[in-house]
Amino acid sequence: MFATQATTAAYRGRRCPTEHREHLDMEETRHNQALWAAYSDAELQAMEGRILAGVGPQEMSLWLRWLIPALNPTERAQLIAGMPPAAQAPVLDTSRALLDDVAWAKLCRALDHAPVPGLVEV
């Protein structure tokens with residue numbers, strides 16, 4: 001989204017995986033530690049909410065196509081359950097197209113949603 005010529009060139013070149021791993025490592029170690037030391041979980045969640053509120057539907061849709069498959073089942077369910085009700089149905093539609101049957105079934109169970117329309121458990 002905020003790509004520069006240098007980052008675009010790196011992603012096209014061979015260094016991309018290494019540079020990306022280094023970037024993620026820095027985020028997961030130094031940046032997160034600094035945030036956790038300075039803010040409570042509630043404050044961080046509020047900041048995240050403000051950031052996400054500023055992301056438009058089209059951009060969010062693109063972002064979720066990468067994020068949904070990368071999350072573990074619990075994280076997926078928490079993400080979708082935390083969305084406004086009107087946003088959940090389109091995200092579930094997108095998720096179904098991105099997940100295999102097992103991952104989809106886990107998500108549906110976590111959200112108390114039938115994995116197949118009309119399916120009722122007895």
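Helices (H or I, at least four residues) and strands (E, at least two) are taken here as DSSP runs, numbered from the N terminus. In those terms, the elements of the protein chain run α-α-α-α-α-α-α from the N terminus on, with 7 helices and 0 strands. This is a predicted model, in which local features need pLDDT of at least 70 and side-chain atom pairs count only at pLDDT 80 or more, whereas totals for chains, interfaces and linings use all residues. Residues are numbered from 1 along each chain as its sequence is written, and side-chain values use heavy atoms, with hydrogens and water left out.

**Whole chain**

- Of the 122 residues in the protein chain, 19% are buried, where buried means under 20% relative accessible area, exposed means over 50%, and partly exposed lies in between (1.4 Å probe, protein chains only).
- The protein chain exposes about 9,500 Å², of which carbon and sulfur atoms supply 58%; accessible areas come from the Shrake-Rupley method with a 1.4 Å probe, and for residues only the protein chains shown count as cover.
- Among contacts (heavy atoms within 4.5 Å) with a separation of 6 or more, 34% join residues 24 or more positions apart.

**Nonpolar core**

- A nonpolar core is a set of buried Ala, Val, Leu, Ile, Met, Phe, Trp, Tyr and Cys residues joined through side-chain atoms within 4.5 Å; the largest one has 15 residues, and Leu 64, Ile 68 and Leu 107 have the most contacts inside it.
- At least two residues of this core come from each of helix H4 (57-70), helix H5 (73-81), helix H6 (85-98) and helix H7 (101-111), and H7 gives the most, with 4 residues.
- Leaving aside residues up to four places away in sequence, Ile 68 touches Arg 76, Leu 79, Ile 80, Val 91, Ser 95, Leu 98 and Leu 99.

**Helix H6**

- The buried residues of H6 are Val 91, Leu 92, Thr 94 and Ser 95, and these buried residues pack against H4, H5 and H7.
- An α-helix has 3.6 residues a turn, so residues three or four places apart point the same way.
- The 14 residues of H6 should span 20 Å at 1.5 Å a residue, which agrees with the 20 Å between its end C-alpha atoms; the expected span is 1.5 Å times one less than the number of residues.

**Surface patch and salt bridge**

- Leu 35, Trp 36 and Tyr 39 form a nonpolar patch on the surface, with about 320 Å² of accessible area together; patches are made of residues with over 30% relative accessible area and no salt bridge, like charges being joined within 9 Å and nonpolar side chains (Val, Leu, Ile, Met, Phe, Trp, Tyr) within 5 Å.
- The structure holds 1 salt bridge, defined as a side-chain nitrogen of Lys or Arg within 4 Å of a carboxyl oxygen of Asp or Glu.
- In this salt bridge the side chains of Asp 101 and Arg 96 meet at 2.5 Å, N to O; Asp 101 is exposed at 55% relative accessible area, while Arg 96 counts as partly exposed at 31%.

**Segment after H7**

- Asp 112 lies in the segment after H7, is exposed with a relative accessible area of 74%, and has a phi near 55°, a positive value in a residue other than glycine.
- Val 116 is also placed in the segment after H7 and counts as partly exposed at 47% relative accessibility.
- The C-alpha atoms of Val 116 and Ala 105 are separated by 8.9 Å, the two residues being 11 residues apart along the chain.
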